[in-house]
Amino acid sequence: MSPTVNATAQPLDVAAIRRDFPLLSRILHGKPVVYLDSAVSGQMPLRTIERMAKYERDEHTNVHRGVSTLSQEATDAYEAAREKVRKFIGAASIKEIVWTRGTTESINLVAQTFGRMKVGAGDEILLSAMEHHADIVPWQMLAEEKGATLKVIPLTDDGELILDSLDELITDRTRIVGVVHVSNVLGTINPVKEIIARAHAKGVPVLVDGAQAVPHLKVDVKDLDADFYVFSGHKLSGPTGIGVLYGKLAHLDAMPPWHGGGNMIRSVSWEKTTYIAAPGKFEAGTPPIAAAIGLGESIDYLEALGLDRIAAHEHELLAYATEKLSAIPGLRILGQAKDKASVLSFVVDGIHAHDMGSLLDGEGVVVRAGHHCAQPIMTRFGVPATTRASFAYFNTREDVDVLVSAVLKAIEIFK
Ligand code: PLP
């Protein structure tokens, strides 16, 4: 059992949970849909969809604008969602919770503000070899602009970070470390608390990409001591278009704004503009209000299910799927870390991942096929692409059985 899973957690009532997700009763190509693509985007429970519809139907107006009752109601609901996020990740204050459009925007914000302040010519940015492009490209753009270099924490063949060399990789030129909490390709749960402690021992701040972690693990940013922690709403059973940047208040206070415009200013004159404090100074313009409220509702839903029960259920499915898929000749699973979340990438001899993905789709099985926005991992493992199944709290052993039969059918077709 993975060290991050509570083996004594009460089982989930999956049959009841499935009724909360209308999409799970769809028929695709004449087959009941088997949704194994929650790592690409989690499904939203009905109550989130209804809460967003209620805002649009009965409450729709802008936030932080004027004294109208409607605007105050919308502002209250929107700010209540921020408080739910704060509590969900254990942040000290709602001032540390910045709304963004998603993980990608959160990292770009940090790179373009904190990064630009801290990184200069000859400095280093340390990333792990299993980062998503969202935690590579913004840093690469910054490094090119500033004349800095990227360094990389390497991987074992099992898909675990090699931390022996961490103390040498963090030098007196390292300005920030970026590390993914859970790999979207390998499923590896990285020991981010240890990485943060070792970086902090050398005075280096750490950004954690939590996009694939928050749906599966109980995250406590204070306990981790993360400087920045970022994630997307749509991977957390919430809507698209909303994401979170958690930052320690001292960092956010020291950072300049990024986007300028309405809603983030204290005063504007032709001579000078002054800004409100964090998080508002990073939230120029009209935010995605319905999406923020929807994310808050999804967090309530997940908390009612219980993150430890979700993790235990998904872990059981992962173990079952790993056992079944490993038994198929010619199939190789990428990522065999000791501590894994419910993401399972594989390749099959003689079948391109895209062909596998299309054949599975024909069987109603929704998976992701491709490089998963993580081309350096593909290069590391010498494959162009993988097929990835990812399991959520609404999936069942029967879903895994359908996946396995569909994979076997694809292999037959390609024989
Ligand atoms: N980081 C990881 C680990 C991811 O899996 C993803 C999305 O797949 C992202 C970042 C980017 O998230 P978004 O596209 O929601 O900004």
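A residue is taken to be near a molecule when one of its heavy atoms lies within 4 Å of that molecule. By this rule the ligand is surrounded by Thr-103, Thr-104, His-132, Ala-134, Val-180, Asn-184, Asp-209, Ala-211, Gln-212, Ser-232, His-234 and Lys-235. The model is predicted, with local features needing pLDDT of at least 70 and side-chain atom pairs counting only at pLDDT 80 or more, while totals for chains, interfaces and linings use all residues. Residues are numbered from 1 along each chain as its sequence is written, and side-chain values use heavy atoms, with hydrogens and water left out.

The shell around the ligand divides into 3 nonpolar, 7 polar and 2 charged residues, where Ala, Val, Leu, Ile, Met, Phe, Trp, Tyr, Cys and Pro count as nonpolar, Asp, Glu, Lys and Arg as charged, and the others, Gly among them, as polar. Turning to polar contacts (pairs of N or O atoms within 3.5 Å), an oxygen atom of the ligand is 2.6 Å from an N or O atom in the side chain of Thr-104, and a ligand oxygen atom is likewise 2.6 Å from an N or O atom in the side chain of Lys-235. The protein covers 85% of the 390 Å² of accessible area that the ligand has on its own, as given by the Shrake-Rupley method with a 1.4 Å probe.

Lys-235 is also one of the residues nearest the centre of the largest cavity, together with Pro-215, Ser-237, Ala-392 and Tyr-393, in a lining of 14 residues. A cavity here is a set of points, on a 1 Å grid over the protein atoms alone, where a 1.4 Å probe fits but cannot get out, and lining residues have an atom within 4 Å of a point. Domain 1 (14-45 + 307-413) and domain 2 (49-303) both contribute residues to this lining, so the largest cavity lies between them, the domain bounds coming from an automatic or database domain assignment.

Definitions and conventions
A polar contact is a pair of N or O atoms within 3.5 Å; within protein, one must be able to donate a hydrogen and the other to accept it, and residues adjacent in sequence count only if both atoms are side-chain atoms. On a 1 Å grid over the protein atoms alone, a cavity is a set of points where a 1.4 Å probe fits but cannot get out, and a pocket is an open set with protein on both sides within 12 Å along at least five of seven lines; lining residues have an atom within 4 Å of a point.
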